[in-house]
Amino acid sequence: MKGISLFFCFSLFLIVSCIREAESASQAKNDDIYIVYMGADASSNGGTRHDQAQLISSLIKRNKNTVVHSYENGFSGFAARLSEAEAQSIAQRPGVVSVFPDPVLQLHTTRSWDFLKYQTVDEINSSPSSGSDSSPNGADTIIGILDTGIWPESESFNDKGMSPIPTRWKGTCMDGHDFGASKCNKKIVGARFYEEFDGRGTKMAGSARDENGHGTHVASTAAGSAVAGASYYGLAAGTAKGGSPGSRIAVYRVCTSNGCRGSAIMKAFDDAIADGVDVLSLSLGSSPGLEELSKNPIAIGAFHAVEKGIVVVCSAGNSGPDPKTVVNTAPWILTVAATTIDRDFETDIILGGNKLIKGGGINFGNMTKSPVYPLIKGNSAKLNKRITEEEARGCVPDSLDKNKVKGKIVVCENLQNDGFSPSDRLLEVKSRGGVGFILIDDDLRTVAPKFESFPAAVISRKDGTEILSYIKSTRKSKSLKNPTLDNGKPNRHANPTKKPRNPVASILPTVSTTKYKPAPVVPYFSSRGPAANTPNLLKPDITAPGVTILAAWPGNKQPMFNILSGTSMSCPHVSGIAATVKAQNPTWGPSAIKSAIMTTAIQTNNLKAPITTNFGSKATPYDIGSGEASTSRPLKPGLVYATDVADYVHFLCSVGYDISKIKLISSTVPNDFSCPKNSSSELVSNMNYPSIAISGLKKYKTKKVTRTVTNVGEEASVYTAIVEAPTGLRVQVIPSKLEFTNNSKKLSYEVSFRASSTTKEDMFGSITWTNGNYKVRSPFVVSNSD
């Protein structure tokens, strides 16, 4: 007993000494917030509990406001104000997995300009539905939303007809500024927020209320109640409801106007695990290339949530179309890319002679239907010789001559990489007296930028070429500068059907159209694979509607609904599907639900052709993962791939964790477990994942992987493998038939890949198991690079 006391005192002495040694450094520099991650929850490891308590106690003795958050429900650790020297010292302590600066993550909406927002889909409608009346609609599942909060007064969060809150729910509704506990109901069952501090470390008033709009939009997309007559100022009118309208919502406000702090995100994960959520939805993430696993708060929190049986769904990011931009790539996360839906916001442009150009964007202008407004190219209104042709063509700030622009519609081009946003260009036209704005931009034509009451449209490069040719073909009139205007106003006596001597046009108010083809299409912004740090893991996993999505918005005035785009919007669609699958299959774990969603995805558009990108090329798994999520098929997938903690532990081995750290991270690792001597990316390829990624396959070489499927359909079933492989790649499945019986629920198979030619391009294909009723498809990618 005496020896134990001496050891305790000596340990405490070392901890206090380490902190005191570093205090001199913190005197000279303001302390920053660091996250100290200590692995699995303390209840599973008495040593961890002791180490955490001693560290926190020592820090509080120095300054009672030092510790910002303590993590103790789903995992262990804390966030505290530390000097760099203190952080380095604590990182060497027993029981500490990692110490890293508190990162600030960002929401995954497209914010290329302040009023770039987007459209709606009442439900994901990319596949035949089994009928909403017979589906469980996510009844009583609880979706946790980590975001900017919620606007509880929105009709999307009414709880009419909902049953009492499940007794398993252990969460709370926190009182805060302008958000009392009474704001929660049977729909919003919980609301938490995490304190903000000013530059002096003083706590600021907090609240779960959403002042941004993002969290409200996301929550209603995932689980909003049905609201009839929803629209954005009359556009996209219809009934708006979430993907899982029967689910409950638990709100965790982790984002502020300054971004989303990693320390708050980890605290929200910790709370959500204890509260009892079924699904966690995160429409936020880091920048591409900054996802070091040991310093990634989302990956860390998600690991422990999944270990506790919670499905974690995250957005893939908005850094496309460049490769290796996908984020939230840990294998235990369901990573969601974005696609368009079959609704378009059409803004018609009428040229002289009544030639019609179908543009996009949203405007509520009041131009006459007759093309009577002078039309001019940006470079025809160049301010002076110091302005380049490219600057004037792009309508960049301070490039146009107001005397040449006044009273005209100006055609501008997005020439890329000039650093200016569409709003910058529009403002240049408007400030110079222009009456209309046409932007040539293939990317933005896919989405629907808002122009409010100013007449404006976005057009494709193809349509832009036609308009520019029209301008060039019209004759200039020296005798009459503008034959269709009379003292600056439209001339009622002008004949719009007769080709004018000067180019003219009109931009009509926007209308919404449905059954737009092709759809879905991968938009420019959706982040692409492969995963930068793990080439043997195929990401993203899935895609879902994320362009021009209409959903609830804060405020008591119009608009009560708003239109946004981004993988932020696609993520909650999949979260809603996951909640619905969980409701119908309550015993399924997170990996089974993920597998059901991935293996039943759709790869074709509404033209019955392969899904394409907005550039017109066929989408690959780097763009859409397994494909477009279906609302009904995951409910009965036939077979599932169960990825267990052992798979994830081998993944940790492959990315460089040693066994001592891994045992701190996961409480379920067997005592006799050790990482393979040659832990490499090959281990990742052999995870029991619903997709397959192979790297380093050289000509005439063979690589093999093994997969195990669990039968969740008819007990006696025979599944046959169908392989789709590109030329130059031989793919063999052994056995090619799987016979399930009452006693054999799980069966394994091996896939061998052999390259018969050399190619610099990655090769894509798929393996589909079918019994006639179900199709269980796994995409694969094979690369010859390491």
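Does Cys571 count as buried or exposed, and at what relative accessibility? In this predicted model, Cys571 has 0% relative accessibility and therefore counts as buried.

View A. A disulfide requires sulfur atoms within 2.5 Å. Cys314 is buried, with a relative accessible area of 0%, and Cys571 is likewise counted as buried at 0%.

**View B. The disulfide of Cys173 and Cys184.** The two sulfur atoms lie 2.0 Å apart. The torsion about the S-S bond is about 80 degrees, so this disulfide is right-handed. Cys173 and Cys184 both lie in the loop between β6 (142-147) and β7, so the pair ties together parts that are eleven residues apart in sequence. Cys173 and Cys184 are buried.

**View C. Strand β7 and its partner β10.** Strand β7 covers residues 188-193, and six of its six residues are buried. Strand β10 (residues 248-253) runs parallel to β7, and five bridges join the two. In this pairing, Ile188 stands opposite Ile249 of β10.

**View D. The disulfide of Cys395 and Cys412.** The S to S distance is 2.0 Å. With -90 degrees about the S-S bond, the link of Cys395 and Cys412 is left-handed. Cys395 sits in the loop between α7 (389-393) and α8 (402-405), while Cys412 belongs to strand β20 (residues 409-413); the pair links distant parts of the chain, 17 residues apart. Cys395 and Cys412 are both buried.

**View E. The disulfide of Cys653 and Cys675.** The sulfur atoms of this pair are 2.0 Å apart. The link of Cys653 and Cys675 is left-handed, with -75 degrees about the S-S bond. Cys653 has a relative accessible area of 6% and is buried; the cut-off for buried is under 20%.

**View F. Disulfide pattern along the protein chain.** The structure holds four disulfides, among them the links of Cys173 to Cys184, Cys395 to Cys412 and Cys653 to Cys675. With bonded cysteines counted along the chain, the pattern is 1-2, 3-4, 5-6, 7-8. Cys314 is in no disulfide.

Key: Residues numbered from 1 in each chain as written. Predicted model: local features only at pLDDT ≥ 70, side-chain atom pairs only at ≥ 80, totals over all residues. Heavy atoms only, no water. Buried < 20%, exposed > 50% of the residue type's maximum accessible area, 1.4 Å probe, protein only. Helix = DSSP H or I, 4+ residues; strand = E, 2+ residues; numbered from the N terminus. Pairing = 2+ DSSP bridges.
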